[in-house]
Amino acid sequence: MNTFPRLLIFAVGLMLFAASARAETASELAAKLATVQSGSSFVRLRLIVQDSSGNEISSLQVQIKERRTESSAEVLYQILFPKERQGESVLMKQVAGGAASGHRFLLPQQLSALAASDLSQALFDSDLSYQDVIENFFAWQNQTLAAAETVMGVKCVVLVSKPSSGQKSAYGSVKSWIDPERLVPLRVEKYNDAGKLVRTIETVKVHRNDNGKNVPATFEIRRADSNTVTIFEGTRHRANIPYDEATFTAPKIADLTLPRNSQSE
């Protein structure tokens with residue numbers, strides 16, 4: 001074979017390789033991450049708040065009932081332990097593009113709706129806000145890529161998410177360091193409208209659930225204006241839970257009944 005055909009074959013091969021290795025756009029990556037969060041799940045975890053010296057301030061056992069689709073999200077956080085706080089619960093809902101809303105149940109029998117001004121308050125005295133547990137910033141319209149960086153020894157794709165003018169959020173932008181193989185954010189930084197860092201979330205341990213998705217199993221949250229750290233340490237994660245419609249309603253907010261299929265292995 002003479003040189004020209006060889007060069008032609010080589011050139012075509014390079015073109016095919018370049019086409020197959022086309023870099024994923026920011027919107028495509030964000031869409032994949034949003035899809036990973038979709039579905040219904042049941043989670044048990046420990047919520048631990050520590051001071052700057054590592055001393056434990058509080059420790060809770062919490063269960064989470066969650067259902068997410070492309071157009072809506074419903075999340076119910078319920079305290080199981082300590083006994084004196086058992087049943088204390090927070091129910092959050094959000095429709096795509098709309099503002100988050102919710103209810104809070106405090107013992108002994110105090111049920112109240114959350115006002116818009118309450119959404120930035122702390123969830124169970126942690127470093128996570130009510131808004132944080134419901135908002136899916138990967139579903140925002142404005143997504144861009146920044147320079148790749150390494151986190152925990154993993155070369156991450158850096159995604160910058162911003163809400164559009166019609167989307168309601170307490171944040172002006174969110175920066176995520178994504179493990180491209182497992183599609184898991186290893187670090188997330190949230191900024192206000194002025195570009196000031198508000199809170200950082202770092203994944204410590206990743207778990208593959210029974211639905212085959214990789215999810216953060218243990219992660220730490222820090223607020224820029226606080227010396228505390230909150231650790232979410234997962235102990236159980238079940239996917240594809242068949243919730244009934246009543247589960248995510250205010251009358252059922254303190255119902256600690258386990259959902260079907262939540263204990264099977």
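Start by selecting β1 and β13, which pair in the antiparallel sense over 10 bridges. Strands here are DSSP runs of E with at least two residues, helices are runs of H or I with at least four residues, and both are numbered from the N terminus; two strands pair if DSSP finds at least two bridges between them. Show the side chains of I48 and I231: I48 stands opposite I231 in β13.

A word on what you are looking at: this is a predicted model, in which local features need pLDDT of at least 70 and side-chain atom pairs count only at pLDDT 80 or more, while totals for chains, interfaces and linings use all residues. Residues are numbered from 1 along each chain as its sequence is written, and side-chain values use heavy atoms, with hydrogens and water left out.

Pick S40 and you will find its bridge partner in β2, R67. Then move to the hairpin of β1 and β2, with five residues between the strands, where G54 takes a positive phi near 90°.

Now for the pockets. A pocket is an open set of points on a 1 Å grid over the protein atoms alone, where a 1.4 Å probe fits, with protein on both sides within 12 Å along at least five of seven lines; lining residues have an atom within 4 Å of a point. The largest pocket has a volume of about 1200 Å³, volume being the space filled by probe spheres set on the points, which are joined across faces, edges and corners. Select E66, V215, P216, F219 and H237, the closest to its centre of the 50 lining residues. Then colour β13 (residues 229–239), which gives the most to this lining, with eight residues.

The second largest pocket holds about 470 Å³ of space. Of its 24 lining residues, T69, E70, A96, N136 and A139 are the closest to the centre. Colour α2 (26–37), β3 (72–81) and β4 (89–95), the elements that give two or more residues to this lining; α2 gives the most, with four.

Last stop: Y191, in strand β10 (residues 184–191). Is Y191 buried or exposed? At 18% relative accessibility, Y191 counts as buried (under 20% relative accessible area; exposed is over 50%, partly exposed in between, with a 1.4 Å probe and protein chains only). Leaving out residues up to four places away in sequence, Y191 touches Y171, G172, S173, K175, K196, L197 and V198 (heavy atoms within 4.5 Å).
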